[in-house]
Amino acid sequence: MGMATRVFLLLLLLLISSLSPCFSLYEDQVGLMDWHQQYIGKVKHAVFHTQKAGRKRVVVSTEENVIASLDLRRGDIFWRHVLGPNDAVDEIDIAFGKYVITLSSEGSILRAWNLPDGQMVWESFLEGSKQSKSLLSVPANMKIDKDNVIFVFGKGCLNAVSSTDGVVLWKKDFADESLDVQQIIHPPGSDMIYAVGFVGLSQFDVYQINVRNGKVLNHRTAAFHGGFCGEASLVSSDTLVALDGTRSSLIAISFLDGEISLQQTHISDLVGDLFGMAVMLPSKLTGMLVIKINNFMVFVRLADEGKLEVTEKINDAAVSDALTFSEGQQAFGLVEHGDSKIHLTVKLVNDGNGDLLKESIGMDYQRGRVHKFFINNYIRTDRSHGFRALIVMEDHSLSLLQQGEIVWSREDGLASIVDVTTSELPVEKEGVSVAKVEHNLFEWLKGHMLKLKGTLMLASPEDVVAIQGMRLKSSEKSKMTRDHNGFRKFLIVLTRAGKLFALHTGDGRVVWSVLLHSLRSSEACADPTVLNVYPWQVPHHHAMDENPSVLVVGRCGLGSDAPGVLSFVDTYTGKELDSLVLSHSIERIIPLSFTDSREQRLHLIIDTDDHAHLYPRTPEAIGIFQRELSNIYWYSVEADYGIVRGHGLKSNCILQEGDEYCFGTRNLWSIVFPSETEKIIATVTRKLNEVVHTQAKVITDQDVMYKYISKNLLFVATVAPKASGPIGSVTPDESWLVVYLIDTVTGRIIYRMTHHGTQGPVHAVFSENWVVYHYFNLRAHRYEMSVVEIYDQSRADHKDVWKLILGKHNLTSPVSSYSRPEIITKSQTYFFTHSVKAIAVTSTAKGITSKQLLISTIGDQVLALDKRYLDPRRTINPSQAEREEGIIPLTDSLLIIPQSYVTHALKVEGLRGIVTAPAKLESTTLVFAYGVDLFFTRLAPSRTYDLLTDDFSYALLLLTIVALVAAIFVTWILSERKELQEKWR
């Protein structure tokens with residue numbers, strides 16, 4: 001039997017070694033649990049580059065402050081740069097055919113980028129003294145062997161900048177003249193430049209300036225008693241057309257050779273039967289301008305002697321800028337809508353009847369209307385001129401149209417996500433064919449045989465490729481049904497355009513998208529604004545006949561007092577089930593913890609008149625709500641006034657009789673921070689759906705501490721008013737940070753801490769009984785992170801672990817915010833090396849798994865930091881018992897391990913938020929980071945203790961078990977034979 005035992009132990013050792021988990025991430029594992037998508041945002045400027053052989057591209061700038069070069073053939077990104085949040089791009093152009101020139105930050109920063117690879121060539125900072133229009137003029141006939149000049153107007157100053165190195169050659173300040181420059185005109189080959197614009201509301205000025213030295217050669221003014229509204233369009237090199245102050249007349253202003261002449265034309269004489277306010281569109285058409293009256297586009301041509309005449313009136317269309325093509329001819333494009341198609345027409349500028357192109361292209365109605373488009377020409381194989389159009393849609397998507405077809409499309413609306421929630425996938429229906437079972441069994445055996453060969457290092461390079469391919473296919477991560485681990489879900493994202501997307505967590509693809517009609521711009525809802533998306537109906541997983549739905553909240557206007565809009569969307573199909581335009585405003589949404597018989601969650605909407613409105617408006621909902629009326633509290637923060645208030649409900653609204661779903665509110669308490677010493681800069685509270693596994697925390701020596709768990713705690717951070725500016729704007733003696741923990745039911749301040757010599761911005765996260773916040777220490781010139789943990793001292797007598805295990809403690813007594821809490825706090829501060837943009841915390845199904853902080857760094861990456869590093873009980877020399885508990889020795893700085901970046905080497909450009917959601921497995925949490933880019937991954941803060949890895953070799957396990965059984969059987973036979981031989985001796 002000794003030999004059998006040795007063989008058994010050897011095989012057992014082999015089995016254990018084969019089952020040992022691997023916690024490293026190899027190169028071939030990237031993409032199995034995560035995905036990364038790159039976007040650019042809504043395009044506002046575009047310049048084509050197709051003249052020379054090679055890569056044909058279009059250079060764009062977007063509302064997300066992105067400059068990008070896109071492949072015209074496929075729409076892929078060649079290169080891009082995401083500028084800062086306050087560095088909006090004003091103008092963009094291409095110089096010499098190899099440099100991209102961009103003007104940004106209200107005309108104060110001029111940059112040159114290398115067109116092929118996007119590397120910055122030079123950068124110039126332009127100073128000015130007043131806010132003004134930003135204009136960029138890049139001469140079209142620039143030569144590489146000469147030092148050409150780029151003209152920029154911004155901040156009230158006209159600058160001449162060298163195209164070679166970005167040096168400012170001269171500068172003319174118009175601040176003293178109060179000139180609002182409308183156009184910069186540089187005739188080709190001329191040594192003069194014209195700056196034309198308005199002074200005040202009734203004076204037009206023309207400055208003639210020397211290109212070489214910036215001296216003013218001539219200055220002329222002309223007064224118009226009717227006044228100007230400030231909108232003007234340049235229709236020729238010496239004529240500008242402006243709208244008067246009443247928007248009822250067009251003023252043709254000619255400034256030939258410095259002499260100014262004005263000619264007024266009433267709009268009613270031009271358009272006749274059209275009535276409404278006229279708006280001049282910023283089109284760049286030679287000899288023509290476009291005005292919009294109601295939904296009509298009116299094309300006005302400049303005739304002889306400054307006369308204006310209408311050439312065409314089109315209902316609800318979009319117009320492009322002029323494009324110069326063959327022998328100085330100019331064309332422009334029109335896009336009209338009709339019958340789920342868009343109709344593209346390209347016309348000659350000087351010939352309204354000369355249509356160069358007419359095409360109709362089918363377009364998904366969920367993309368909305370065309371907001372903007374740009375045209376470009378190319379030479380066909382028969383040497384004729386063809387045209388392509390770059391279309392920017394209402395949902396911020398980008399498409400290229402050519403030869404009557406959509407060449408490619410990009411969902412760049414996903415770069416402007418405003419809110420995210422999650423939804424479950426449908427349950428997989430029972431029943432499967434025998435053939436499918438046999439096929440899956442064959443693939444399963446084949447796959448595990450290949451994995452076995454890889455484990456034994458017998459796999460060929462072709463086998464390795466096959467193993468990787470089968471691993472991606474067998475993961476089943478992109479199936480449209482729920483999995484038993486809860487990894488597959490819908491990410492329901494709401495964009496600024498009012499479009500709702502359902503993204504599959506498996507691979508990030510768009511399953512469905514819907515442009516919400518209730519949040520589209522219309523006569524009934526002008527300037528719609530999207531706010532949030534909330535889970536509305538979450539049926540029990542056994543309710544197969546009910547689909548989950550979400551609630552989308554918005555406003556019909558820009559102000560907080562605008563009427564509210566509610567939209568209800570089915571998360572399985574993307575169908576808009578219903579929509580409501582409310583008679584009241586929306587100041588705040590409070591999701592309640594109650595649901596009705598249909599699993600619809602009750603929501604309380606607070607308007608600007610401090611009235612509370614209950615939704616859904618059903619008798620069942622009002623019955624549930626009335627029973628819990630006295631237990632509903634909330635708070636409001638008036639940061640500008642330094643006030644935090646607590647609110648409760650009272651009886652029905654007095655002024656709205658008959659509306660049983662409207663309730664009055666009452667102020668319960670208020671905290672006013674002194675405006676001379678404190679300014680509110682940050683507030684944060686716990687997530688409403690956070691799960692806490694246990695209130696007890698067992699520490700060393702079998703002692704027990706009880707967490708102070710309350711969903712009514714609010715973290716407030718204030719700074720000295722002088723310190724509310726950028727870092728370094730004040731001295732350490734003038735700056736301080738004060739943090740508070742406030743009970744929002746009673747208004748009681750349960751914790752207060754002052755950090756002297758520190759400054760914001762403050763980023764914080766609140767979870768369970770602890771809060772972590774990040775700020776800057778002016779004295780140490782470093783960032784810091786502080787942690788505060790709160791414990792309930794009133795239960796200090798219940799410290800016996802065995803009684804806790806045996807359930808002999810009475811811990812079920814209700815906890816009331818009105819009873820004065822007996823609490824103790826533990827806090828600690830650490831240095832942190834990174835600037836932070838946002839902080840989130842992992843969440844799991846039962847709240848058992850250890851927490852990790854998810855920190856968005858200034859480098860647009862996500863760092864996972866174990867909460868144990870922010871344990872306030874850390875000491876320099878922890879005892880043996882504390883080490884066994886997991887206490888880490890104290891250091892002054894938080895250790896950052898490069899492998900802790902969950903985004904790996906990727907960047908989530910413009911990172912704005914991090915959302916976490918629990919999976920069904922307790923060990924795993926789902927993480928979604930969004931900004932201009934999107935990133936999704938799965939995290940296991942305490943490792944996957946309840947899940948085998950994806951590359952686990954079941955074949956090797958089966959082979960090991962068979963070998964063990966065979967070895968036991970063989971050794972048993974040998975042992976029996978040996979015993980028989982010994983008996984015969």
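Which residues does Asn 65 touch, not counting residues up to four places away in sequence? With contact defined as heavy atoms within 4.5 Å, the partners of Asn 65 are His 81, Val 82, Leu 83, Gly 84, Pro 85, Asn 86, Asp 87, Ala 88 and Val 89. Asn 65 is located in the loop between β3 (57-62) and β4 (66-71), and its relative accessibility of 7% places it in the buried class. Buried denotes under 20% relative accessible area, exposed over 50%, and partly exposed the range in between (1.4 Å probe, protein chains only).

The structure is a predicted model, in which local features need pLDDT of at least 70 and side-chain atom pairs count only at pLDDT 80 or more, whereas totals for chains, interfaces and linings use all residues. Residues are numbered from 1 along each chain as its sequence is written, and side-chain values use heavy atoms, with hydrogens and water left out.

The chain contains 8 helices and 64 strands, assigned as DSSP runs numbered from the N terminus (helices: H or I, at least four residues; strands: E, at least two). Of its 985 residues, 51% are buried. Among contacts between residues at least 6 apart in sequence, 51% join residues at least 24 apart.

A search of the whole structure identified 21 aromatic pairs, defined for rings of Phe, Tyr and Trp (its six-membered ring) with centres within 6.5 Å; planes under 30 degrees apart count as stacked, over 60 as edge-to-face and the rest as tilted. One of these is the tilted pair of Phe 153 and Phe 174, with 6.4 Å centre to centre and 55 degrees between the planes. Phe 153 belongs to strand β11 (residues 149-154) and Phe 174 to the loop between β13 (168-173) and β14 (179-185), 21 residues apart. Phe 153 is buried at 1% relative accessibility, as is Phe 174 at 0%. Ring pairs also link Tyr 194, Phe 198, Phe 204, Phe 224, Phe 228 and Phe 255 into a cluster.

Salt bridges (a side-chain nitrogen of Lys or Arg within 4 Å of a carboxyl oxygen of Asp or Glu) number 35 in the whole structure. One of them joins the side chains of Glu 123 and Arg 111 at 2.9 Å, N to O. Because Glu 123 lies in strand β9 (residues 120-125) and Arg 111 in strand β8 (residues 109-114), this pair ties together parts that are 12 residues apart in sequence. Glu 123 is partly exposed at 32% relative accessible area, whereas Arg 111 is buried at 7%. A network of salt bridges links Glu 63, Glu 64, Arg 496 and Arg 912.
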